[in-house]
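Q: I am new to this structure and would like to learn how to read a few of its features. Can we go through them one at a time?

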Amino acid sequence: MTDLPSDLHITAADEVKIRQDLLLVALGKRPADRILRVGRLFDVHSRHWFEDQEIVIKGRRIAWVGPAGAYTGTAAEHVHEPSLSAVPGFGEVHKHIESSHLTPEYEAALVLPRGNSWTCEASHEFSNVDGPHNLELWFKARAAGSPLKIFPQPGSAVPPTAYEWGGGYFGHAEQQDFMARSLMVTGLDEVMDWPAVWNPENPSHGRLWGMIEATFAARGVVEGHAAGLRALPEINAFAAAGMASDHEMFTAEEAWDKLRRGLFIEIRIHTMTEIIKGLLDKGLEDWSQVAFATDDRSSTLTLDIGATDHNVRTAIAAGLSPEIAIQCVTINPARHMRLTPWVGAIAPGRYADIVLLEDVPSLTIAKVWADGRQVSEGTRYLPEVPQIDWPEWARTTVNIRREIIAENFAIKAAPGRSTMQAAVIRPFHWHPEFYTVEMPVENGEVQRLPSETITKFAIVDRFSGEGKVSKMFWRGCGPRDADTALACSVAHDKHNIWVCGSSDAAMAKAVNALRAQQGGWALVHAGELVATVRFEIGGLMSQRPAEAVAADMAVLRNKAEKIDWMYEPTWHPRWHPGFPERLMFATLTCAPWTWVLVAPSPLAPEGFVNVATGETHPVVW
């Protein structure tokens, strides 16, 4: 008996057969496939190192662990790494693989050499594009032989708010089905719409609580998203609602307050140093309720700084011991997600996912094993990447059955007016009020005001086929150069197309380029299409190696450097002058966002809505 070729269809009955085989191998009554002997092995349960250990492997799982020479059975193959230290494969407690912009099989080739052998996929990105095929997308690479374990968490934010639509809809029935279909589904992806959780009058209240109920019924994990919830009444209410975690902390004090109220804290890289130093200063000794979360990281950035390994090194540099830092990406997230039978430790029954370190304090990775075989040497991925024939539902997701024209972006003025009042927001607008600005009118249309760094921003629906357009004026972003526009089909979390530009014609040209290539980036400068990057799978990912996507992104950024981009500082620490790549996240509608622009919908006909209150407002008057 060997392990199954894929985790897609593993049921409890399948798991029993695998375990029955493993126990006989452990007893020496059946032969093992291979034995990996290492110089020392880190046991995450006791936080101790053990010298000269053997790991006995059958299929893709571990059958036995102990001192070299003590195993009583036989094996077909022996591998000895006397100078290397073995730690478990690293796990991602909260990650959106779509943000790497790679399909799962190429994500595996990128992150496995960097130690990441399993990922809890926070799946509300592709789910918002094609909800019905969500699990199929995440299991397809694994079924084709990819050694990266992906544990999907269907998205609570599908749609993100009641004011958005298209692509997918998840409620109680859908979540109940997801939880029943596979042991790989761990629970519910981050519950982001806090106003809908606490307010029974919110139109998403029933849908969200239905998903939470279905998750509770299956004993799954309800992941949280408590951005901006820092006061004690809010933190207590969030925990009382059954949210199990938060990854949105910005300070050590906030992390401490949430940890003390029972939340599992998932620390992201941009606040990791401050939070870890602060928790150490407070004397935190038990780190079992802490993990590190990558959340969103492009493949280009991963090539530059690393994957989960970079998170661990950052934690060590902040003063955390290497052993505790390793626990934060192994046993801690596995326990939190109730995945300890499969991942998180070098122990019997678990997948044979092993990171072999040349040096522990610097976390220098020599080799990685996954599914019982070596898969990397340094940063070189050894297996052949599976060639997947992605179906039409994955490849054809920009559904705009018409040519977008300049007139679609015009904002009409009232007859006879030389100026109009306009509602204006800026990227990452968390304020309860929008700006009101007097804008010039020419030829019956409200004009941009570059002298005040105000340009036009639009959302184009890519799901209905009609290409519905909402548009308004945004401050502090967009090109100042004439006839220039930037468009992208990655628009968290609904993932319609966003476009900003100095002319309506340039905006139309950029959107039509994305329509033709089925998603990605398009840059128009001085009326000419000068750069594109294709994300042909779901409009979010590309079926290419990370290096190929990085090369295209380098061309895009090079062309963008020749453009004068408008800029105003915001509170957001990652909003910088120059190419406004972070606009992909400026379309978020979760807490603590207030006034946002979404595609036209029945509850927000012009698309301009306060998602915290449900209030709508004209974009000009």
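Q: Is L357 buried or exposed, and why?
A: A residue counts as buried when its relative accessible area is under 20%. In this predicted model, L357 has a relative accessibility of 0%, so L357 counts as buried.

Q: Where is L357 placed?
A: L357 lies in strand β13, which covers residues 354-359.

Q: Which residues does L357 touch, not counting residues up to four places away in sequence?
A: With those left out, L357 is in contact with S83, L84, S85 and V87, and also with L363, T364, I365 and A366.

Q: What separates the C-alpha atoms of L357 and F428?
A: The two residues are 71 apart along the chain, and 40 Å lies between their C-alpha atoms.

Q: Now to a sheet. In what order do the three strands of the open sheet come, and is the pairing parallel or antiparallel?
A: The order is β5-β6-β7, and the strands pair in parallel. At the edges are β5 (90-95) and β7 (149-154), each of which pairs on one side only. From one strand to the next, the twist averages 15°.

Q: How many bridges join β6 and β7?
A: Six bridges link β7 to β6 (residues 116-123), in the parallel sense.

Key:
Residues numbered from 1 in each chain as written. Predicted model: local features only at pLDDT ≥ 70, side-chain atom pairs only at ≥ 80, totals over all residues. Heavy atoms only, no water. Pairing = 2+ DSSP bridges. Helix = DSSP H or I, 4+ residues; strand = E, 2+ residues; numbered from the N terminus. Axes fitted to C-alpha atoms, helices over the stretch in contact; angles between N-to-C directions. Buried < 20%, exposed > 50% of the residue type's maximum accessible area, 1.4 Å probe, protein only. Contact = heavy atoms within 4.5 Å.
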